[in-house]
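Me: I would like to learn how to read a few features of a protein model. Could we go through them one at a time?

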Amino acid sequence: MSSTLADRYGAPAPWRRRAVIATSVVVAAAFLGWLGWTTWEHANPPVESSLVSFHVEGEHAVTAEVEVRLRDDSVKAQCLLRAYAEDHTVVGELSFAPDPGADQPLQETIRTERVATSVQMVGCTTPGAPRPN
């Protein structure tokens, strides 16, 4: 019966199976290479930041201590701090560019509209990494 089907519809080309396997191997290798590169890039961002502490200086100012770690001195980062009032409204923001050679933690003063009760380190971005870290 199978010989009748091959006579009627033709037998598959012998090179087709090897071509499908070779193509599958190339596509899988490319995907694994991309996955490895993406994992490495996201695990080692050009800049990392964290809020160490903050101190309310008065009705119109709060000082935040932040740590900013740059991958190397050539990284140009922009960092954002936000101050919040008791009712969770934003009462002040500060955008700053950290100096690569500065002593850590950095002390930054945020001017506020009224008394701040908390500070958030939104994060730092670079031209090649727009997501805050």
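**Reading the model**

Reply: This is a predicted model. Start with glutamate 108: leaving aside neighbours within four places in sequence, this residue is in contact with Val62, Thr63, Ala64, Leu81, Leu94 and Phe96.

Me: Where does glutamate 108 lie?

Reply: Strand 5, which covers residues 106-111, contains glutamate 108.

Me: Is glutamate 108 buried or exposed, and which side chain of opposite charge is nearest?

Reply: Glutamate 108 is buried but forms no salt bridge. Arginine 111 has the nearest side chain of opposite charge, 12 Å away, and a salt bridge requires the atoms to be within 4 Å.

Me: How do I read backbone geometry?

Reply: Most residues other than glycine have a negative phi, and most peptide bonds are trans. In this model, the bond joining glutamine 104 and proline 105 is cis, with omega about -5°. Proline 105 sits in the loop between strand 4 (90-96) and strand 5. Histidine 88, not a glycine, has a positive phi of about 70°. Its place is the loop between strand 3 (78-84) and strand 4.

Me: Why does histidine 88 count as exposed?

Reply: Histidine 88 counts as exposed because its relative accessibility is 66%, and the cut-off for exposed is over 50%.

Me: How is a pocket found?

Reply: Rolling a probe the size of a water molecule over the atoms shows where empty space is left. Here the largest pocket has a volume of about 260 Å³. Its lining includes Trp37, His42, Arg71 and Asn133. By class, that lining has five nonpolar, four polar and three charged residues.

Terms used. Residues numbered from 1 in each chain as written. Predicted model: local features only at pLDDT ≥ 70, side-chain atom pairs only at ≥ 80, totals over all residues. Heavy atoms only, no water. Helix = DSSP H or I, 4+ residues; strand = E, 2+ residues; numbered from the N terminus. Buried < 20%, exposed > 50% of the residue type's maximum accessible area, 1.4 Å probe, protein only. Lys, Arg positive; Asp, Glu negative; His and termini not counted. Contact = heavy atoms within 4.5 Å. 1 Å grid on protein atoms, 1.4 Å probe; cavity = no way out; pocket = protein on both sides within 12 Å on 5 of 7 lines; lining within 4 Å. Points joined across faces, edges and corners; volume = space filled by probe spheres on them. Nonpolar A, V, L, I, M, F, W, Y, C, P; charged D, E, K, R; others polar.
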